[in-house]
Amino acid sequence: MRQWILVTLLLSTSMGASAQQFGPANTSPLQGIDETAVVVNNESISRRQLAAEIARERRLLPADINVPASALEQQLTERVVMAHLIQQLKERLNVTASEEEISGAIASVAQQNGVSPSELLNRVRRDTGLDEQAYRAQIAGTIVENKLKQGLVGRDINVTPADIDAQIAQIARQSNIAIELQDLLLPTPSGSAEERGEIVRKQMHALSQALKDADSDLQQVAAAMPEARLVNLGTVSMAQIPPRFAQAIATLPIGEVLSEPVVDQDGMHFLKVLTRQSDGNLLIPEAKVEHILLRVNGEEDIAAQKVMIDEIYHLLQQGADFSALASKYSQDPGSAVRQGDLGWMSADQVVPAFANAMLNVPLNTISQPFLSPYGWHIVRVSDRREVDRADDVLRARIRESLFNKYLEDAWQQRLIQLRQQAYVEFR
């Protein structure tokens, strides 16, 4: 196609111009800047527009980032393409944010920070350089993106009780909660599969009756069932318990016996929690956290952003101010306006990689860069505490946290599909 156009241009030039007209004399220095640089589906992006949008993306990066120019240009161009694809999706689905929604979101952010909306806007202008119009546009984009997430992928997300139990077990293991535990073991019977099945059915019936008669006293149950073996495990740390066992007993009330055993090669384990640290409630570790986030868009973005987060980490090691770098470079808008401050975060609110960092980095130091589903992070922890949570409150918070995680994962996959299915031509 391009060859045909080139031939046509050459023919028209040779037929319509004399030899004296050849040469650069009549060439404008602005010629070509309004030509199409990229076609994204049915949208054409001129060279002038692409240069402006790349420049805007470049301003969001650390000034001292040491990335090869060609790789950086490709990375920034891809970000521009993704921004246009998302905008096209918004327009196609007619998803918008009303002025009332934007003002409400700003008021909510201001309330969380203990300031008035006008003071928040002053802080945003001071820390990020965004005026009110630009900040409202940023908030509107966040609102619309959340609507897209909920509408396109949110309906298919299901957080199951098993998901919540697994998260609680993980928290308990990270917290090294101490429990006093008994284990009533019914060994695996011998014989054919059919014979074993019949024996297990009889054992379960006998066990159920024995638990009822003994009021869940496993010592009495073991005495009533010669084939059973009772092991007093004593006080153990949740971190020392195999994950399947930890998940089974993480929310088991004190004094109750598992209704469904944990099965392994030894047989069926009926576990009972005699005591648990914190009077039966889980101690949930919390940390007062600040972070810097560089988001990633797909696998190809991970390496490029790693170079950038390493540069920021190097600046911090050289004594740069964490709050200033977070305000300037963090791609988490909610915390960037607060110099990276996330406030008190509990382990059930965050993904495992983030929980591990915030629970283990020494106080008042910075973590090494680490990757989560949201991108590359650097965190700083100024304080820690442990908080007792009622089971229903804990489960509700974990359900919300897991839903948000699954939602973000599904959205990132949707964006990858959006990019793969798009028609993008670079000219």
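Modeller: Start with pairing: two strands pair if DSSP finds at least two bridges between them. Strands are DSSP runs of E, at least two residues long, and helices are runs of H or I, at least four long, numbered from the N terminus. The model is predicted, so local features need pLDDT of at least 70 and side-chain atom pairs 80 or more, while totals for chains, interfaces and linings use all residues. Residues are numbered from 1 along each chain as its sequence is written, and side-chain values use heavy atoms, without hydrogens or water.

Biologist: What makes β1 and β2 a pair?

Modeller: Four bridges join them, antiparallel. The cut-off is at least two, so they pair. Val38, for instance, has Ile45 in β2 as its bridge partner. Two residues lie between the strands of this hairpin, where Asn41 takes a positive phi near 55°.

Biologist: And how do you know that β1 pairs with β11?

Modeller: Three bridges join β1 (residues 36-40) to β11, again antiparallel. That meets the cut-off, therefore they pair. Val40 has Val424 as its partner in β11.

Biologist: Why is this sheet called open?

Modeller: Its three strands run in the order β2-β1-β11. β2 (43-46) and β11 (424-426) are edge strands, each pairing on one side only. The twist averages 20° from one strand to the next.

Biologist: Why is β1 called mostly covered?

Modeller: Buried means under 20% relative accessible area (exposed is over 50%, partly exposed in between; 1.4 Å probe, protein chains only). Four of the five residues in β1 are buried, hence the label.

Biologist: What packs on that sheet?

Modeller: Contact means heavy atoms within 4.5 Å. Angles run from 0 to 180 degrees between N-to-C directions, with axes fitted to C-alpha atoms, for helices over the stretch in contact. Helix α2 (residues 47-59) lies across β1 and β2, at about 75° to β2. α3 touches β1, β2 and β11, and its direction makes about 45° with that of β1.

Biologist: What makes β3 and β6 a pair?

Modeller: Nine bridges join β3 (residues 178-187) to β6 (residues 267-276), antiparallel. At least two are needed, so they pair. Their open sheet has the order β4-β3-β6-β5.
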